[in-house]
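Have the model open beside you as you read.

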Amino acid sequence: MTRVLLIEDDKVLRENTAEILELANYEVSMAPNGVVGLDYAKKHLPDIIICDIMMPELDGYDTLKALSENEKTKYIPFIFLSAKTEREDVRVGMNLGADDYITKPFSEPDLINAIESRIAKTSILRELKLANKEEDSEPVKSINDLKNICDEEGALFSFKKDEVIYREGEHSNHIYLINKGVVKCYQSDAQGKELITALYKEDDFFGYNSFTNSVAHKTTAVAIEDVELSGVPTKYFNRLLSENSKLALEFIQHMSDNLLLANKQLLEMAYGSVNRKTAKTILKFAEKINRKPEDPINISRSDLASVAGIATETLIRTLTRFKKEGAIAIEGRNIRVLDLEMLKRMF
């Protein structure tokens, strides 16, 4: 679904325009002025921005200028929506880099056509850019090459701590590479209890389900801390794998390694002692989140318990015992490893 950011200070017009777009099957986010809109665009990177010109705090011209100066937002299609109809006003807007200019009052077809044409143009240019890159570049031979492509060609996404990246049951459009932060994936049982199925850190891929069919996500992905992602379209990702056999084999091995780790986690959850499960989970989070194991881990007790496969109350009692034995320190929500070797001996 195309994501539209509508920046308009007139509340009635903003809500009416949003309703028109939502009925046309767009996902609409609204901002009452340029300051709020600029902040939202940098964080969420909408597919297209529709913006009024005459607004308090930051007008449309300055909003577009700020977006154009930011590497993450400068290529987002931008349409001015304004009552300013003089030729000079239109020329100023277009010279600043606007893709289109719609005057008020406008008709619904005019608005929808403008959006569709700009989205189509952006899509065509992106495909041409990717095609040219494929013609000019060497074959993609390794996962490191794939990561470089994600960095150079991927769309950038930012999510705050605890923000949902995608939900179980939603269909996948992108394969993600983590540039910064940590992501957890979990499934919920019939009672709503979370079971964490995977943790991903900086330089990890996630979000892949099937490379031949459109398959809904089996898990929900959430940012454990603020994250920055590079996302490439699933179709493009699949084409890279199909056209580069060495890369495909390496990625299959990568997925196989992840599957072995998941199976190992299930065995530990089934047969490990409480002390073993808790110690192993603390070290697992320390490895994923921290540069050094002794740095504090800011993670919820329920997340720790979910990965360990034990009740939250049991985990809390075990953490208290570890603290008394001098293996860890507990400072509010933070857990700090004091004796790494002691924790390792527990499993």
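## Salt bridges and a buried threonine

At 38% relative accessibility, Asp226 counts as partly exposed (buried means under 20% relative accessible area, exposed over 50%, partly exposed in between, with a 1.4 Å probe and protein chains only). This is a predicted model, in which local features need pLDDT of at least 70 and side-chain atom pairs count only at pLDDT 80 or more, while totals for chains, interfaces and linings use all residues. Residues are numbered from 1 along each chain as its sequence is written, and side-chain values use heavy atoms, leaving out hydrogens and water.

The structure holds 11 salt bridges (a side-chain nitrogen of Lys or Arg within 4 Å of a carboxyl oxygen of Asp or Glu). Among them are these:

| Pair | Closest N to O |
|---|---|
| Asp39 and Lys43 | 3.1 Å |
| Lys160 and Asp226 | 4.0 Å |

Lys160 sits in the loop between strands E6 (155-159) and E7 (164-166), and Asp226 in the loop between E12 (220-223) and E13 (227-233), 66 residues apart. Helices (H or I, at least four residues) and strands (E, at least two) are DSSP runs, numbered from the N terminus. Asp39 and Lys43 are four residues apart in helix H2 (residues 34-44), so about one helical turn separates them. Lys147 is buried at 14% relative accessibility, whereas Asp203 is partly exposed at 40%.

Away from these pairs, Thr17 lies in helix H1 (residues 11-23) and is buried, at 1% relative accessibility. Leaving aside residues up to four places away in sequence, Thr17 touches Leu6, Phe106 and Leu111 (contact means heavy atoms within 4.5 Å).
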